[in-house]
Amino acid sequence: MEALALLEKFRAGRSSLQEVLRAFQAPPLADLGFAQVDTHRALRKDFPEVIYGTGKTPEQVARIAFEIGQREQRFLVTRITAEHVRVLRKKLKRAVYHEIARCLTFERSPLPKRAGTIVVLAAGTSDLPVAEEAVVTADIMGNRVERIYDVGVAGLHRLLARLETIQRAHVIIAVAGMEGALPSVVAGLVARPVIAVPTSVGYGANLGGLTALFGMLSSCSSGVSVVNIDNGFGAGYAASQINALAAECARSNPRERAGGAQKNGPRKRG
């Protein structure tokens, strides 16, 4: 991050106090005319501004990406086309295109993976673009991610065969179209937060994902949160924040965890 690099320079004596103060007094944005790039997003959110590609020209996306890339070690672009990628790669040689997810990532150095796993479930193969968007988002934000695909409720045995892995996850993202039943089934089997993602996959009465959305919002299972239709990015981001909080708590309270395990263990009878 630019701010951290500046503070390190100051601590090492390679930057003056006046230079540091000027930098922190400057407006926290870069004005590109067509876009106001939030240069302090990483300070507030622990991850730089994410670029949403739909509706932006390849040149606009490339200019925003280049501006963020000048300041940050990594960034994410979502909902882009092959033409966006062609222009971006001219400016950013290290960029990686995730075709199914329709995302592009850029990393000078990968973040160390924090403890805990995020499991991404997809009900069917048609849900993979949304599921992969969630995977790419959570991965670049420093999480271990495990994919479990094509486990819709039409063949419940496929889901139950992976139940042990699912139950070990810190957070579960369940992506489904049609009637959107998968998150309710999963949430009834685990003691973990489940983030439900309705997709626009399905026949006529699916109504472009509304049927799945309403089903997930009306879930009878506890612990289900719902993001918008096809919003894999939002699910991946939220799951990363939950996992980061769990990892932070585990680091700060190791004795409490051990003590709690002892306190909750079996008691001897007198």
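Where is the place of Leu207? To find out, select Leu207 in this predicted model: the residue is in the loop between strand S10 (194–198) and helix H10 (210–217). With a relative accessible area of 53%, Leu207 is exposed, because the cut-off for that class is over 50%.

The tour now turns to the aromatic rings. The whole structure contains two aromatic pairs. For the stacked pair, select Phe75 and Phe106, whose rings are 5.1 Å apart centre to centre, with 20° between the planes. This pair links distant parts of the chain, since Phe75 belongs to strand S4 (residues 74–78) and Phe106 to strand S6 (residues 103–107), 31 residues apart. Both Phe75 and Phe106 are buried.

For the other pair, select Phe233 and Tyr237. Their ring centres lie 5.7 Å apart and their planes stand at 75°, so this pair is edge-to-face. Both residues are in helix H11 (residues 232–252); because they are four residues apart there, about one helical turn separates Phe233 from Tyr237. Phe233 counts as partly exposed, at 23% relative accessibility, whereas Tyr237 is buried, with a relative accessible area of 12%. The two fall into separate classes because buried means under 20% relative accessible area.

Key:
Residues are numbered from 1 along each chain as its sequence is written. This is a predicted model: local features need pLDDT of at least 70, side-chain atom pairs count only at pLDDT 80 or more; totals for chains, interfaces and linings use all residues. Side-chain values use heavy atoms; hydrogens and water are left out. Helices (H or I, at least four residues) and strands (E, at least two) are DSSP runs, numbered from the N terminus. Buried means under 20% relative accessible area, exposed over 50%, partly exposed in between (1.4 Å probe, protein chains only). Rings of Phe, Tyr and Trp (its six-membered ring) pair if their centres lie within 6.5 Å; planes under 30 degrees apart count as stacked, over 60 as edge-to-face and the rest as tilted.
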